[in-house]
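Please work through each task before reading its solution.

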Amino acid sequence: MQFHHHGYVSGDPRVQPAAGVGINRPAELPEEVDVLIVGSGPAGMLAAAQLSQFPNVTTRMVERRPGRLAIGQADGIQARSVETFQAFGFAERIIAEAYRITEMAFWKPDPANHANIIRTARAVDDETGISEFPHLIVNQARVLDYFAEYMANAPTRMTPDYGYEFVGLEVADEGEHPVTVTLLHTAGPREGQEQIVRAKYVVGADGARSKVRQAIGCTLAGDQANHAWGVMDALAVTDFPDIRTKCAIQGAEGSILLIPREGGHLFRMYVDLGEVDPSTHHAVRNTTIEQIIAKANAILHPYTLDVRNIAWHSVYEVGHRLTDRFDDVLPEDRGTRTPRVFITGDACHTHSAKAGQGMNVSLQDGFNIAWKLGHVLEGRSPESLLSTYSAERQVVARNLIDFDKQWSAMMAKKPEEFENPSELEDFYVRTAEFPAGFMTEYQPSMLVGAADHQHLATGFPVGKRFKSAPVVRVADTNPMHLGHHATADGRWRIYVFADPALPGSDSPAEQLAEWIANSPDSPLAATPSGADPDAWFDVKVIYQQDHTSIDIGTVHGVFKPHVGPFKLTDYEKVYATDPGADIFELRGIDRDGAVVVVRPDQYVAHVLPLAATAELAAFFAPLLLERRTAGF
């Protein structure tokens, strides 16, 4: 964390100085906004948190509830989400309070007595080291609290506007604020009254029954529900030995997915209620909590479950649905106009809860659209950037639904229906990278280059998330993870992995640094005059030598920009190889060096040779608007 560069900070450095629209921010919802976010779920909160870093963008988020969410239905936090939390500065704190999944146990009928269950296998949760971050369980409400804290401390001082229900919207063909939104006050002195807000863009994060989705004519299509589950967050006394371990339990009377919760006592159980008969008109939804507990006891036999308290429970039927598009542009209008309204999270895709994907994929929806809106509204990028949101995220949602169909079908199977007794645990281990959130791979577009030079950095696949690795920061000799220094500040990252030469020599890395600093074709030339030289692009260098071999005084100035009103030198962009974990070896980086370009949402956009300045310029040219004369 960097601070003091604008002067001494005596308080909490996480509270950034108010700036732009955050200065004297009006408490009442204004009549005109740049972005109106509808719904304060995971996608909406992350989108708001990201946009809170753009001081000149007026973003407001409306929520029909009168206040914060007290208890949420989602609780599984995959490692990719924890990586994202790191960018927002609260990964360590949420890890400390969460339950950490390290292993999953599998229980099946005892061959000697099918009425009883026995443990048959254990699987390590992340055996191959997919991420340095853990798989967590923590209530959705706490995740939203952390994002709310982050955006309240951001330059724009954002807070949710509670007590507003979305009624409808209309999109005009022209005008500075072409989206007219009708809202209804659901709390306070104006309860029952309507209010009109005009916006440049609207983000619908209002759940599976999304009214924003309906307003733009999107429809959910897919499989009807065919299997029901009862779910409960419970406190209980039991002799079941794995009550504090994640378990897939397949008994003679059905299946249970057991997920221990944070705090050491609470746990969640998804209890199999069987196939759904369509002729009963969803009568299974009337299943009582007493019936769910009784079914759980039947499945757990010979163990017993004495439930003492229920924090929350529900009954749901598994269905898999996906919208035809994630914005308001009809297929026949693609390419003729840019979108004005976007939908995220459950408004776009619905599936079972058992793969722990709902909140996690929703978070990445919000991350994807928010930085793009920020770039367009600040004048960094053209509006065409916004058309990439639906194209990128719909593919991810489709892959999620395909995966969840397999997982939920296997969880619903009876033990005797498996051809291979270890089929369930084998599937869990084999597909671990997908539910962890690391199989997303964006295809070539204006935001993702072709993988022509992938061989230069095989461990950073183009289109996939940037997988961090250990390095040593030269200036202070601190060992750290390279990716952990990338905050959710809306900046592009350009990582220069140097050739074998030391800094100060006439090497390919040095020549690239000179081009980045001074060429009018460099992406840094787009940075507005008067802004810090790294305001839009965070350029870092990683040398192959250990830190004792690097003379930081000879490192090129583009890697040591002068920032803030006092033009202080930023020493935190120069790294050396960790002798115990060589990043060049770990991530397959060519010893002749490479450039790795990373998007603001942590996905690799390009891999290039150090000498490929023309290709680097060509990649960024359509993404940038304003240009100035470069120079350091």
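**Exercise 1.** Determine how the side chains of E378 and R380 meet, and state whether each residue is buried or exposed, or in between.

*Solution.* Step 1: the side chains of E378 and R380 meet in a salt bridge, with 3.1 Å from N to O; a salt bridge is a side-chain nitrogen of Lys or Arg within 4 Å of a carboxyl oxygen of Asp or Glu. Step 2: E378 has a relative accessibility of 26% and therefore counts as partly exposed, whereas R380, at 7%, counts as buried. Here buried means under 20% relative accessible area, exposed over 50%, and partly exposed in between (1.4 Å probe, protein chains only).

The model is predicted: local features need pLDDT of at least 70 and side-chain atom pairs count only at pLDDT 80 or more, while totals for chains, interfaces and linings use all residues. Residues are numbered from 1 along each chain as its sequence is written, and side-chain values use heavy atoms, with hydrogens and water left out.

**Exercise 2.** Describe the salt bridge between D538 and K540, and find the network to which these residues belong.

*Solution.* Step 1: the closest N and O atoms of D538 and K540 are 2.6 Å apart. Step 2: both D538 and K540 are buried. Step 3: salt bridges with shared partners join D538 and K540 with D489, R491, R493, D534, D570 and K573 into one network. By the rule for salt bridges, the count comes to 42.

**Exercise 3.** Which strands stand at the edges of the open sheet of seven strands, and why is one side of each left without a neighbour?

*Solution.* Step 1: the order is β22-β21-β27-β24-β23-β28-β29, with mixed pairing. Strands (E, at least two residues) are DSSP runs, numbered from the N terminus, and two strands pair if DSSP finds at least two bridges between them. Step 2: β22 (479–481) and β29 (604–608) stand at the edges; each has a single partner strand, so one side of each lacks a neighbour in the sheet. Step 3: as an example of pairing, β21 (residues 470–473) and β27 (residues 574–576) run antiparallel and are joined by two bridges. Within β27, A576 is the bridge partner of V472.

**Exercise 4.** State whether M1 is buried or exposed, and locate this residue.

*Solution.* Step 1: M1 has a relative accessible area of 63%, so this residue is exposed. Step 2: M1 lies in the segment before β1 (32–38).

Note on methods: Helix = DSSP H or I, 4+ residues; strand = E, 2+ residues; numbered from the N terminus.
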